[in-house]
Amino acid sequence: MIKINGIQYMTDFEAKRAILEIGKRMYDKGFVAANDGNISIRVGPNALWATPTGVSKGFMTQDMLVKTDLSGKILIGNRKPSSELKMHLRVYEENPDVFAVTHAHPPVATSFAIAGINLDRAILPEAVVNLGTIPIAPYATPGTQEVPDSIAPYCKTHNAVLLANHGALTWGKDVFEAFYRLESLEYYATVMMYTGNIIRKANELSCNQVSALVQIRQNLGIQSGGMPHCAIQETNLSGFTSQPIESYGNTKEATDEREEKNKEALIQEIVERVTQIILQTYGKGEK
Ligand SMILES: [Zn+2]
């Protein structure tokens, strides 16, 4: 590691070695097919190392990698960076706390991105703390300026985003955090697929339980990640009184409808409690 203006960066050697390692793991896990996916690591205030275009991430050598500045201008390397590097550059531009970005097409998460279903349910504590909710950026034509524009609103508030009909993008304080978020995202999507569409049953964490997790997240210094959808009523996680849930159809329309139902349930609960208090307070004299 080297320190520049008080900020720690990987050296060129460390960054190149890490990109090869993460690329191989990404390929081995089936997150990318053929030449899909890309990885970048910032190594200075205006420099990064990135994967090249047209190469399998499972079979890269150090001489294939490209060093560019934060506008994408090539500083070192014989190959061109991927056209998808524009997304990485935009994340660095929007959020200076990010030092690495990973992009892949993991099949389950990508299926949710194609279905237009956000990954925003409070079902796994680890996902709430380290990953947060994952919004879907609207579809954009690959390689165009529309793609970085579509992800820009989420770079500071979230840790990952699904790209509609395309794949997933994650970022972090280093390349390991970015890649672990990619792994967690695919795992989370897989569990959502099993519980929502195969088992068709899940106990969501309650809003109180989610608040406690968000507190832990803040104590860990993670400010981003959003608030997942949670159950207003405590559910019995032993499973005996579990509520069957319909498959997670949380498209925008379904999310709006669900939020409306949650509001109604909350209002109902408040009315019942207030009625109880009134009866306890004013009903005493009559007894
Ligand atoms: Zn892609």
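In this predicted model, helix α3, which spans residues 107-115, and helix α6, which spans residues 175-198, approach until their axes come within 7 Å, and they cross at roughly 65°. Because an angle of 65 to 115 degrees counts as roughly perpendicular, α3 and α6 are therefore described as roughly perpendicular to each other. The crossing in which α3 passes α6 is left-handed.

| Helix | Residues in the contact |
|---|---|
| α3 (residues 107-115) | Val108, Ala109, Phe112 |
| α6 (residues 175-198) | Leu185, Glu186, Ala189, Thr190, Met193 |

Helix α6 itself has 24 residues, and from its first C-alpha to its last it reaches 33 Å, which is close to the 34 Å expected at 1.5 Å a residue. The buried residues of α6 include Leu185, Glu186 and Ala189, and these three also belong to the contact with α3. Elsewhere in α6, Val175, Ala178, Phe179, Arg181, Leu182, Ser184, Tyr188, Met192 and Gly196 are buried as well. Just after α6, arginine 200 takes a positive phi of about 60°.

For the protein chain as a whole, the secondary structure comes to eight helices and 10 strands, and 37% of the 287 residues count as buried. Among contacts between residues at least 6 apart in sequence, 67% join residues that are at least 24 apart.

Note on methods. Residues numbered from 1 in each chain as written. Predicted model: local features only at pLDDT ≥ 70, side-chain atom pairs only at ≥ 80, totals over all residues. Axes fitted to C-alpha atoms, helices over the stretch in contact; angles between N-to-C directions. Helix = DSSP H or I, 4+ residues; strand = E, 2+ residues; numbered from the N terminus. Parallel < 35°, antiparallel > 145°, perpendicular 65-115°, else oblique. Left-handed = near helix turned anticlockwise from the far one by under 90°. Contact = placed C-beta atoms within 7 Å. Buried ≥ 20, exposed ≤ 12 C-beta atoms within 10 Å, placed from the backbone. Expected span 1.5 Å × (residues − 1).
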